[in-house]
Structure formats: C-alpha cells, structure tokens
Amino acid sequence: MIIVMKPKTPQEEIEGMKRRILELGCEIHESQGVNYHIFGLVGNTSTVDSDRLRAVDWVEKVIHVQEPYKIANRLFHPKDSIVQIGNRKIGGENFAVIAGPCSVESEEQIISIAEDVKSAGAGFLRGGAFKPRSSPYSFQGLREDGLELLKSAREKTGLPIVSELMSTEHLNRFIEDVDIIQIGARNMQNFELLKEVGKIRKPVILKRGLSATIEELLLAAEYVLAHGNENVILCERGIRTFEKYTRNTLDLSSIPVIKKLSHLPVIVDPSHAGGLWWLVEPMAKAAMVVGADGVMVEVHNDPANAKCDGQQSIKPERFRTLMNSLKELAKIQNKVIQENI
Ligand code: PEP
Ligand code: MN
C-alpha cells in the first residue's frame, strides 16, 4: 500500500502519519518525490483501513499495490535509485561500464586486462574467482587466490571490483574484498543467499535467471531489499529460448519494462547474452539506446586460450573501440560515463 501526502504537508503531519502506520504494525519505506512525500507500507496491510487514511486532510491518495514486489516497485520510489560505490554511481544519468575477464586466471592476466580496460575508460573491473560452471570438470576458478589477485588489480588501477558470490560460506570474505557482489543467473532464486546479501549494505548485481520472468527477477530483488539492502543493481544477461544460434536471447525489451516497473538500476551483459564476441559491441550499444544504466562486458587479452568464455570475450583493442562508440552515443542519450575518478 502507498500513501501519498499532499505537496507541502507540514513536518508534524508527516511524523503523525508515520506513527499511525507504525501503530498499525506495518513497516515503512519513505521516499520524497519532487512534490510528494510517499509512504510505502509493507508487511501485513490487511488490517489497514484505507478509507480512514484517505479521510486524513493531508493525504492526497492511497494506492493498493497490485504487484507482488513492493520495495522494488516504482510506486514506492518514483525517482530512479542510484547505487553509490565509493565515488562512483550506478543509476540515474550515469552509464556504468564494467569490464574484465570471465575468470581471473593469473596475476599477469588480471593486471594487464585491468590496466587496459581502465585506460579505455571502464569504471569497474569484473573477474570471476568462484565460477559456476555447467560441468564439474571445467575450470572452477582460482577461488580465494582469485580474490587476492583482483585486489592487487584494484590497488594498481583504482578500479572497484565485481565478483560472483556462490555460497553464504564466503560472504564475509566477499564483504571484505570486493566492491560489488555479483549474484549469478544460476543463483537468482537461491533465496537463502539473497536473504544473506540482504542483511549487508554492500552493493549487489543480481543477474536474471536463465529462464526467469521479469516478475521473478523483481521478486528476487525484493528478497534483498526486504532484508534491508537497498543497493541492488539488476542485470539482463539473456534468457533461454528456442534459438540456438546465440547462447541466450538478449531480452532488450526487459530494460524499458523494468524501468517502468521499478526504480532499481538495470545493466546489460551482452557477453553472456549472445555468447559471441562480435555481438558484444552492437548489443552493448543497443543496451544504452534502450535505457540501460550500464553494461558488463567480458574482455580477455588472449581469448583463444581463455580458461572460460573465450568465444564471447573481446580483446582490449576492441573494447577500446566499443568504449569510444559508447562515449559518442552517451552524448545523444544524455548519459554520463564516469571514468578516471
Ligand atoms: C558471469 O558473469 O561470469 C556469469 C557466470 O554470468 P551468468 O550468471 O549470467 O551466467
Ligand atoms: Mn563468463
């Protein structure tokens, strides 16, 4: 349920309404629009008599939220949410570029890629340390050693690091080591993991599940939000369809749909979506045009010998070309690409 207060409602009326909602046993999420103060109610709202609330002088309207996700709902928070990572921002007018290898393989590999993507203008470094591989015989990642190497790359370049957390067992280590925790497609509905990352404040990139609907993605985000962590960034990474040519089908329409339904930032991963290196640039540009808040791209210095996802990784030179195209496009899309800060 949403209670919208009239413009210029006196502070004591706002406080009074807040007390009243708390007495009803609901939890409150407040947000301030351009003119309106908004109370979002979660919890058991079945006992709330909306007609009595409507009778309060300073109440503009009371809306029943139909969708099952509440805190993620744009009705709760009409303005775009902006997630702050140090002095960088994801959401709003900002377009984030996250780049790096599928997995961290060695010190030379991660440092050289980090330096290359940084000099081309990336704002964040990605790198898998714990890898969710379909086959148990495939490279599983360097695990803790991979996190150490990512930290060295951050120290060298200043780029905040993004890495995937697969188990609550490693949560404390991730809180210490990484700047953004990635929850991969395969874990989008690992509800226990979602609850745990909900209890911390570290920003989370939540990737859309392989066959998850937009509503399921928003409900997964709701798990994190409902446990207190508001720093959620959604990621469209392609979904399974009957099409075999591409690894997945990039659901570009999900971006404007999510933007309409939710205030959360949403980025696109064109690498896992297409699964082909030459599709990365056109799909990344398309992502910006449809309103995404950023892209996450796999970049490798030697894709032919990559331990994971070489076929969809672009080389640093191509990443530079992509960055230049995105910078040009950003001018007409009124987006800001933060770099070298
Ligand atoms: C990844 O980003 O390395 C990854 C495994 O992605 P996804 O969870 O989208 O498959
Ligand atoms: Mn990958």
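**Close-up views of a predicted model**

**View 1. Helix α1 lies across the strands β1, β2, β3 and β4.** Helix α1 (residues 11–23) runs at about 5 degrees to β3; axes are lines fitted to C-alpha atoms, for helices over the stretch in contact, and angles run from 0 to 180 degrees between N-to-C directions. Contact means heavy atoms within 4.5 Å. Helices (H or I, at least four residues) and strands (E, at least two) are DSSP runs, numbered from the N terminus. This is a predicted model, in which local features need pLDDT of at least 70 and side-chain atom pairs count only at pLDDT 80 or more, while totals for chains, interfaces and linings use all residues. Residues are numbered from 1 along each chain as its sequence is written, chains are lettered from A and ligands numbered from 1 in the order in which they are written, and side-chain values use heavy atoms, with hydrogens and water left out.

**View 2. An open sheet of 4 strands has the order β2-β3-β1-β4.** The pairing in this sheet is antiparallel; two strands pair if DSSP finds at least two bridges between them. The edges are β2 (27–32) and β4 (59–63), each with a single partner strand, so one side of each has no neighbour in the sheet. From one strand to the next the twist averages 20 degrees. Between β1 (residues 2–5) and β3 (residues 37–42) there are 3 bridges in the antiparallel sense, and Ile2 is placed opposite Gly40 in β3.

**View 3. Strand β9 (residues 161–164) has buried residues pointing both ways.** Ile161 and Ser163 point one way, Val162 and Glu164 the other; buried means under 20% relative accessible area, exposed over 50%, and partly exposed in between (1.4 Å probe, protein chains only). Strand β8 (residues 124–126) runs parallel to β9 and is joined to it by 2 bridges, with Arg126 opposite Val162. Helix α4 (residues 144–157) carries the chain from β8 to β9 in a right-handed β-α-β crossover. Right-handed means that, with the strands pointing away from the viewer, the path from the first strand over the helix to the second runs clockwise. Strand β10 (residues 180–183) is also parallel to β9, with 3 bridges, and Ser163 faces Ile181 in β10. The crossover from β9 to β10 passes through helix α5 (residues 171–177) and is right-handed.

**View 4. Strand β11 (residues 204–207) pairs with β10 and with β12.** Val204 and Leu206 point one way from β11, Ile205 and Lys207 point the other way, and all are buried. The parallel strands β10 and β11 are joined by 3 bridges, and Ile183 is opposite Leu206. Together with helix α6 (residues 191–198) they make a right-handed β-α-β unit. On to strand β12 (residues 232–236), β11 has 4 bridges in the parallel sense, and Leu206 stands opposite Leu234. The link from β11 to β12 through helix α7 (residues 214–226) is a right-handed crossover.

View 5. Cys102 lies in the loop between β7 (96–100) and α3 (107–120) and His272 in helix α9 (residues 270–274), so the pair ties together parts that are 170 residues apart in sequence. Both Cys102 and His272 are buried.
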